[in-house]
Amino acid sequence: MDDIDMLVQPLTRLHGIISDYLEEQEKVSLEVRENLLDFYFKLSHFLDIYERQDENYVKYTRMCEDGSFELKLFCVNPRENLKECMFRDAVRSCFPLHFCRSVLQESAGWREGRL
């Protein structure tokens, strides 16, 4: 287990707890809700990058002068990520959404033997 995994596991649990809290608590002050949502989206972004990391990523950690800890995940070779984004955007722009849905539904029906 990588050292970062020991940090990510509790962060993943915290992400779920905040998600549940935001769904259940409607009577939270606007300022608290905005701050919590801001943190939630930053945490979501970090966890998404963590899930994507591979040999194209570098981990950067340091202790700051104020005693805080900094962890960054840098993509040093964005080739695969760009390829994925370009493919996703190409599919969206080339095919209308209703066409994509019908193709996916048909292929799902074919696998289940309904066609």
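These are my notebook entries on a predicted model of one protein.

**Overall layout**

I started with the secondary structure. I found 4 helices and 2 strands. From the N terminus, the order of elements is α-α-β-β-α-α. I then checked burial: 20% of the 115 residues count as buried. The exposed surface comes to about 9,600 Å², and carbon and sulfur atoms supply 57% of that area. I also looked at contact range. Among contacts with a separation of 6 or more, 37% join residues 24 or more positions apart.

**Helix α2**

I took helix α2, residues 30-52, and tested its length. Its 23 residues should span 33 Å at 1.5 Å a residue, and the end C-alpha atoms are 33 Å apart, so the two agree. Next I listed its buried residues: Tyr40, Leu43, Phe46, Leu47, Ile49 and Tyr50. What do the buried residues of α2 pack against? I found α1, β1 (57-63) and β2 (69-75).

**His15**

I looked up His15, which sits in helix α1, residues 3-24. Its relative accessibility is 19%, so I count His15 as buried, the cut-off being under 20%. Leaving out residues up to four places away in sequence, His15 touches Tyr40, Leu43, Ser44 and Leu47. Tyr40, Leu43 and Leu47 are also among the buried residues of α2.

**Salt bridges**

I counted 6 salt bridges in the structure. I went through some of them.

Lys42 pairs with Asp38, with the closest N and O atoms 3.4 Å apart. Both residues lie in helix α2, 4 residues apart, about one turn of the helix. An α-helix has 3.6 residues a turn, so residues three or four places apart point the same way. Lys42 is exposed at 54% relative accessible area, while Asp38 is partly exposed at 41%.

Glu84 pairs with Arg52, the closest N and O atoms being 3.6 Å apart. Glu84 is in helix α3 (residues 79-94) and Arg52 in helix α2, so this pair ties together parts 32 residues apart in sequence. Both are partly exposed: Glu84 at 38%, Arg52 at 31%. I also noted a salt-bridge network that links Asp48, Arg52 and Glu84.

Arg62 and Glu70 meet through their side chains at 2.5 Å, N to O. Arg62 is partly exposed at 38% relative accessible area. Glu70 counts as buried at 18%.

**Cysteines**

How many disulfides does the whole structure hold? My search found 0. Cys64 is buried at 18%, and Cys75 is partly exposed at 30%.

Conventions
Residues numbered from 1 in each chain as written. Predicted model: local features only at pLDDT ≥ 70, side-chain atom pairs only at ≥ 80, totals over all residues. Heavy atoms only, no water. Disulfide = S-S within 2.5 Å. Buried < 20%, exposed > 50% of the residue type's maximum accessible area, 1.4 Å probe, protein only. Contact = heavy atoms within 4.5 Å. Expected span 1.5 Å × (residues − 1). Areas by Shrake-Rupley, 256 points an atom, 1.4 Å probe, with all protein chains shown as cover. Salt bridge = Lys/Arg side-chain N within 4 Å of Asp/Glu carboxyl O.
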